[in-house]
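Subject: Handing over a structure, with notes on a pocket and salt bridges

Dear colleague,

My notes come after it.

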Amino acid sequence: MNDTRRIAVFAISMLAGYAGCEATPPEPAPVTEAVAQVQPENESMSEKIKITIGDQSFTASLDHNPAASKLRTMLPLKLRMSELNGNEKYIHLSDRFPTDASNPGTIRTGDLMLYGADSLVLFYKTFPTTYSYTRIGRINDPAGLAAAVGSGDVTVTFDSE
């Protein structure tokens, strides 16, 4: 037999051998269902702090970021916060904070933010904004916050819960 014929016979016998076999796909790996626990944004793994204004206390959740971590290390803090714009209380701190400022679009009642690298701001009204802030946390239930802070300067205590 010449080489061409041998190759043809070999190829035909190989194909004939495979023709009788059914290809069976490999068994799929068993599927295990993962159960995701979904928690509200900034609530999962957040540290709670207590914010006291007069005789009212509020619980706030701090974010997990360098600015919030720095605030945690400074607790407890008793600050005299100034009124600004009829919607926020602020104080310029002597320490500079790490920043990651962005525009939130809307400020919500109870937001605790950093303006620049050294101004701590507690917002007591919801409003749209064009300014950028570094988010530190948020009061979980801000009902009564506006009444607690009043219209002038106010003393606010931040402490671990």
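The second largest pocket has a lining of 14 residues, and those that lie nearest its centre are L84, N85, E88, Y131 and Y133. Two or more lining residues come from each of the elements β4 (88–92), β7 (119–123) and β8 (127–128), where strands are DSSP runs (E, at least two residues) and helices are DSSP runs (H or I, at least four residues), numbered from the N terminus. A pocket here is an open set of points on a 1 Å grid over the protein atoms alone, where a 1.4 Å probe fits and where protein lies on both sides within 12 Å along at least five of seven lines, while a lining residue has an atom within 4 Å of a point.

Before going further, please bear in mind that this is a predicted model, in which local features need pLDDT of at least 70 and side-chain atom pairs count only at pLDDT 80 or more, whereas totals for chains, interfaces and linings use all residues. Residues are numbered from 1 along each chain as its sequence is written, and side-chain values use heavy atoms, with hydrogens and water left out.

To return to the pocket, β4 gives the most to the lining, with three residues. The space in this second largest pocket is about 220 Å³, a volume being the space filled by probe spheres set on the grid points, which are joined across faces, edges and corners.

The other topic is salt bridges (a side-chain nitrogen of Lys or Arg within 4 Å of a carboxyl oxygen of Asp or Glu), and by this rule there are six of them. In one of these, the side chains of R72 and E47 meet at 2.8 Å, N to O. Because R72 belongs to helix α2 (residues 66–74) and E47 to strand β1 (residues 47–53), this pair ties together parts that are 25 residues apart in sequence. R72 is buried, with a relative accessible area of 18%, and E47 is partly exposed, at 32%, where buried means under 20% relative accessible area, exposed over 50%, and partly exposed in between (1.4 Å probe, protein chains only).

Another salt bridge joins K70 and D95, whose closest N and O atoms are 3.8 Å apart; K70 lies in helix α2 and D95 in the loop between β4 and β5 (106–107). For E83 and K89 the closest N and O atoms are 2.5 Å apart, and K89 is buried, with a relative accessible area of 0%.

With kind regards
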